[in-house]
Amino acid sequence: MVSYLVRRVLYGALILLGVNLLTFFLFFTVNTPDDMARLNIGGKHVTQDLIDRWKVERGYDKPLYVNEAKQGTQRLTETIFWERSVSLFELHFGRADAESAGDIGPEVARRMGVSVQLALPLFVLQVFASTAFALLLVMFRHTRLDFWGVVACVLMLSISSLFYIIVGQFLFSRLLRIAPISGYEPGLSVVKFLVLPVMLALLSRLGTEARLYRAMFLEEIGKDYVRTARAKGLSETVVLFRHVLRNALLPIVTSAGSYLPYVFLGSLVFESFFGLPGLGAYVIDAITKQDFAVVRTMVFVGSLLYIATFVLIDVAYTWVDPRVRLG
Amino acid sequence: MFKFVFLWTDLTVWALVAFCLVYGVAVVRSPGLSASWRRVFREAPAMCSAFVLALCLVVTVADSVHYRSRLGAASGTAADTVQYEVQAHSLLDLALAELVQSRETSYSRPLDYEALRLETVSVNGHLVRMAPRLKHGGAHLSDPQHQWHSDLLSRVFTGLLFGLGLSAATAIVLFGLLARVRRAGFVETAASVWNKEGEVPWRAALWTLAAIATLVGVVVSLMGSYHVLGTDTTGNDVLYQALKSIRTAFVIGSLATIATLPLAVVLGIMAGYFRGWADEVIQYFYTVLSSVPNILLIAACVLMVQVYLDKHPDMFETGVERADVKLFLLCSVLGLTGWAGLCRLLRAETMKLRELDFVQAANAFGVGSVRIMVRHVFPNVAHLMLIVTVLDFSSLILYEAVLSYVGVGVDPSMNSFGGMINLARKEMSLDPVVWWSFAAAFGFMVTLVLAINLFADGVRDAFDPRARAFRPRLPVTRKPVAQARNQG
C-alpha cells in the first residue's frame with residue numbers, strides 16, 4: 001500500500017512536470033514576454049523602456065530556456081523557465097500581471113476557502129440526491145415512473161446550466177424575493193447567499209448524474225449475486241440497498257471523485273453569477289483582464305488538485321471495496 | 001456579379017457533408033452497417049429528432065455558403081477595377097434579407113407594432129410620452145389597435161393551413177408508397193401506421209413532420225411583416241440571430257468532435273496495439289492533458305490564440321473571416337484538449353481485440369502492424385468512435401455557452417447561443433423584463449440539444465448492444481406487421 005502510494009505520488013510529480021512544461025510553452029513561447037508586456041501596459045505609447053521595466057518587475061527579463069551568457073549549470077537555472085518552474089513547485093506563485101493586483105499565493109488561499117464553502121455542500125448533496133433519485137428509478141424500473149424519470153433526466157441534461165442560473169435568479173430573487181441575487185458575507189450569514197447557487201447547481205447536474213448512476217445500478221442488478229440474493233428470498237428493498245448499492249459504490253466513487261478537484265477550484269459560472277469571491281470567479285476575472293500569471297497559476301493548482309484527487313480515489317477504493325488491494 | 005468567400009469552417013462543413021454522403025453509400029452497401037442504422041430509425045425518439053436535426057442541417061449548410069457581392073464602380077476609380085462589399089453574406093442572409101433589413105432602433109416585444117420604450121413626442125404642440133410605432137414590425141397596419149388581432153389571426157391561420165396541407169400531402173404520399181411496398185390497400189396501410197404497427201415508427205415521424213411544417217408555416221407567414229421573436233437592444237431581429245446561431249452551434253459540435261478523432265484514434269490504437277513503451281508514452285501524454293481542468297486549459301489556449309490574432313490584425317479582409325478563423329481555432333483547441341477520453345477507450349478496446357484470433361491469425365500470416373491496425377483493428381473500434389462522437393456533440397454545444405460567458409468562446413460579432421444568453425443576462429434585470437432574447441435562445445438551444453441527445457441515445461443503443469439493456473421501456477409492446485395483417 002505504502003509503496004504503491006509512493007509510486008503514485010512520484011508519477012503524479014512527473015505528470016505535474018509535464019503540465020508545467022505545457023503551460024510554459026503555451027504562455028511564454030507561443031507569445032513572448034514582450035507581447036504580454038505590450039498587452040498589459042496597453043495604450044498606444046508603449047516604449048521599449050516601459051516593456052523592459054515591466055519585465056524586470058516580474059522577473060521576465062531573462063532568456064526563456066537557455067541562458068547563453070552564463071556558465072555551467074547557471075546556463076539552465078538563470079532562465080525564466082527554471083525560475084518559474086521552481087517557484088511553482090515551491091508553491092510561490094509570484095505576483096499577478098495586472099498593476100493593481102498583489103501576490104497570487106495568499107489570494108488563492110483566501111479564495112479557496114470561499115470556493116469550498118460553496119462546493120463542499122454541493123458535492124455531498126449532489127452524490128446523495130443523484131444516488132437517491134437513481135435508486136428510486138431503479139426500484140420502479142419497467143414502469144411509467146422509470147420511463148418518465150429518464151425522460152425528465154434527458155430533458156434536464158439538455159438545458160444549459162446558464163439557463164438554470166438565469167431563471168433561478170429571476171424566479172427566486174427577483175419575483176419571489178426569497179434569496180439575495182448575489183453577494184457574499186464571511187461568517188455564518190453566508191448561508192443565505194449559498195442556498196440558491198447550491199440548489200441550482202444541484203439541479204443542473206442532476207439529470208446527467210442520475211442517469212449515469214441508474215445505468216450503473218442496472219448493470220449491477222443483472223449480475224448473478226443479485227439473483228442469488230433474490231433466490232434466498234430477500235426482499236427487493238434489501239437486495240437494492242444492501243447488495244446492489246454497496247457494489248455500485250465503486251463506479252460511483254470514481255465518477256463522483258472526478259468532481260472533487262472542483263470542490264476546491266469552485267465553479268466558474270456559478271461563482272461569478274452569484275458574486276461569490278471564490279477561485280472560479282478569480283479565473284474569470286483573470287481571463288477578462290488577460291492576466292496570464294493568474295491563469296498559469298490556476299492551471300498548475302488545478303492539475304495539482306486533480307492528481308491529488310486520483311490518489312485519494314485509489315485509497316477510497318480499498319475502503320469501499322475490500323477486495324481491491326493496492327500494491 | 002459576386003465572388004465566393006471560402007471560410008475555413010465553410011470548407012469543413014462542406015467536407016463533412018461530402019463525408020456523410022460517402023458514408024451513406026458505404027452504409028447502404030454494407031449489410032452490417034445498414035442493419036445497425038435501420039435499428040436507429042426504428043426508435044421513435046431517434047426518428048423524430050433526426051427530422052429536427054435535418055432541418056438544422058439545412059440551415060447550417062445554407063449559412064455556410066458565403067459571398068461578397070460586387071459594388072458599382074465608385075467615382076474616382078478606374079472603371080475596370082472591381083470592388084466588392086466589405087461584408088461577406090451567406091445564402092441564409094439572402095433568404096432572410098427581409099429580416100436583416102427590417103432593423104428597428106431598439107427593443108420591441110415579439111409580434112408587436114410598437115417599440116418597448118416610451119419616447120417623448122410632440123403632438124399638436126403638446127409633449128406626450130408614448131411608444132413609437134416600429135419602422136417595420138406591423139408597419140402595414142393603418143389602424144393597429146383594431147387591425148392587429150385580426151391580421152395576426154389571419155396570418156397564423158394561413159401558416160397553419162399551409163403546414164397542415166403540406167403534412168397531409170406527405171402523409172398521403174407516404175401511405176401510397178408504403179401500400180405499394182407492402183402490397184396492401186391504401187386504407188389498410190394508413191390504419192396500420194395509425195395503430196403504430198410495423199417496425200418503423202411512421203406515425204411519430206408524421207407527427208414530427210406536421211409539427212415542424214405548421215411551425216415553419218406560421219413563422220414564415222408572420223415573418224414578413226412582424227418581428228416574430230422581437231428585436232434586441234440595437235433593433236436586430238432575434239429570430240434571425242437565433243437562426244444564425246444554429247450554424248455556430250453545429251460547427252462547434254461537429255468540428256470539435258472531429259478534431260479529437262485523428263489524435264485519439266491513431267494514438268489510442270497504437271497504444272493498445274504496441275503496448276510497452278509506446279503505451280507508456282501515450283498514456284503519459286493524455287494523463288498530462290486530462291489532469292489540467294478542461295476549462296482552464298481551453299481558456300489558456302484561447303487566450304494565446306487571441307493574443308496572436310491581436311498581433312496580426314491585417315491577416316483578414318473582412319470581419320466575418322476573422323471571426324471565422326477564431327471559431328475554427330476554438331474548435332481545434334477543443335479538439336486538441338479533448339481527445340484523452342476517446343483515446344483511453346480505444347486503447348482498452350484495442351488491447352482486447354489484439355488478443356483475438358483474427359488478429360493473431362493476421363499476425364501469423366505475416367501481415368504488417370500498420371495493415372493490421374488499419375484493416376483489422378480500426379473497423380472493429382469504429383462503432384465506439386461513432387458513439388462517442390454523437391454523444392460529445394451536445395455537450396460541446398452546451399459548453400460553447402459557458403465558454404462564451406467566460407470570455408473565451410466565439411467572437412462577439414458572431415451570432416451564437418452563448419452570446420445571446422450572455423446579453424440576455426443583463427436584459428432579464430431590466431424593467432420591463434426583456435425576456436424574448438433569452439426565451440429564443442432557450443427554445444432553440446433546448447430543441448437542438450435535446451434532439452441531438454435523443455439521436456445519440458438511439459445511435460448508442462443500436463451500435464452498443466450492452467447499452468440497450470438500460471433503455472427505459474413503457475409496459476406496452478408494438479405489434480409486428482404480419483400479425484396485425486392476419487388479424488385484419
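**An enclosed helix**

A: Begin with helix H14 (residues 279-288) of chain A: 8 of its 10 residues are buried, so the helix is largely enclosed by the rest of the structure. Keep in mind that this is a predicted model.

Q: Which residues of H14(A) are buried?

A: They are A:Leu279, A:Gly280, A:Ala281, A:Tyr282, A:Val283, A:Ile284, A:Ala286 and A:Ile287. An α-helix has 3.6 residues a turn, so residues three or four places apart point the same way.

Q: What do the buried residues of H14(A) pack against?

A: Both chains take part. In chain A the partners are helix H6 (104-139), helix H12 (260-265), helix H13 (268-273) and H15. Chain B supplies helix H11 (294-311) and helix H15 (369-406). After H14(A) comes A:Gln290, with a positive phi near 55 degrees.

Q: How many residues of each chain are in contact with the other chain?

A: The contact involves 45 residues of chain A and 43 residues of chain B. On the chain A side, helix H15 (residues 292-320) gives the most, with 8 residues. That side has 30 nonpolar, 12 polar and 3 charged residues.

Q: What does chain A look like as a whole?

A: Chain A has 15 helices and 0 strands. Of its 327 residues, 36% count as buried. Its C-alpha atoms fill a box of roughly 80 × 55 × 35 Å along the principal axes. Among contacts in chain A with a separation of 6 or more, 66% come from residues 24 or more positions apart.

Q: How is the packing of two helices described?

A: In chain B, helix H16 (residues 417-427) and helix H17 (residues 436-463) pack at an angle of about 145 degrees, with axes 8 Å apart. The crossing of H16(B) and H17(B) is left-handed. Residues that meet there include B:Phe417, B:Met420 and B:Ile421 from H16(B), and B:Phe438, B:Ala441 and B:Phe444 from H17(B). By class, this contact has 9 nonpolar, 1 polar and 1 charged residues.

Q: How should I read a strand?

A: In a regular strand the side chains alternate between the two faces of the sheet. In chain B, strand E4 (residues 119-123) runs antiparallel to E5(B), joined to it by 5 bridges. B:Val121 stands opposite B:Val128 in E5(B). The hairpin has 2 residues between the strands, and B:Asn124 takes a positive phi near 50 degrees.

Q: Is strand E5 (residues 126-130) of chain B well covered or hardly covered?

A: Hardly covered: among the 5 residues of E5(B), the count of buried residues is 0.

How values were computed:
Residues are numbered from 1 along each chain as its sequence is written. Chains are lettered from A and ligands numbered from 1 in the order in which they are written. This is a predicted model: local features need pLDDT of at least 70, side-chain atom pairs count only at pLDDT 80 or more; totals for chains, interfaces and linings use all residues. Two residues are in contact if their C-beta atoms, placed from the backbone, lie within 7 Å. Helices (H or I, at least four residues) and strands (E, at least two) are DSSP runs, numbered from the N terminus. Ala, Val, Leu, Ile, Met, Phe, Trp, Tyr, Cys and Pro count as nonpolar, Asp, Glu, Lys and Arg as charged, and the others, Gly among them, as polar. Axes are lines fitted to C-alpha atoms, for helices over the stretch in contact, and angles run from 0 to 180 degrees between N-to-C directions. A crossing is left-handed if the near helix is turned anticlockwise from the far one by less than a right angle, and right-handed if clockwise. A residue is buried if 20 or more other C-beta atoms lie within 10 Å of its own, exposed if 12 or fewer, and partly exposed in between; C-beta atoms are placed from the backbone. Two strands pair if DSSP finds at least two bridges between them.
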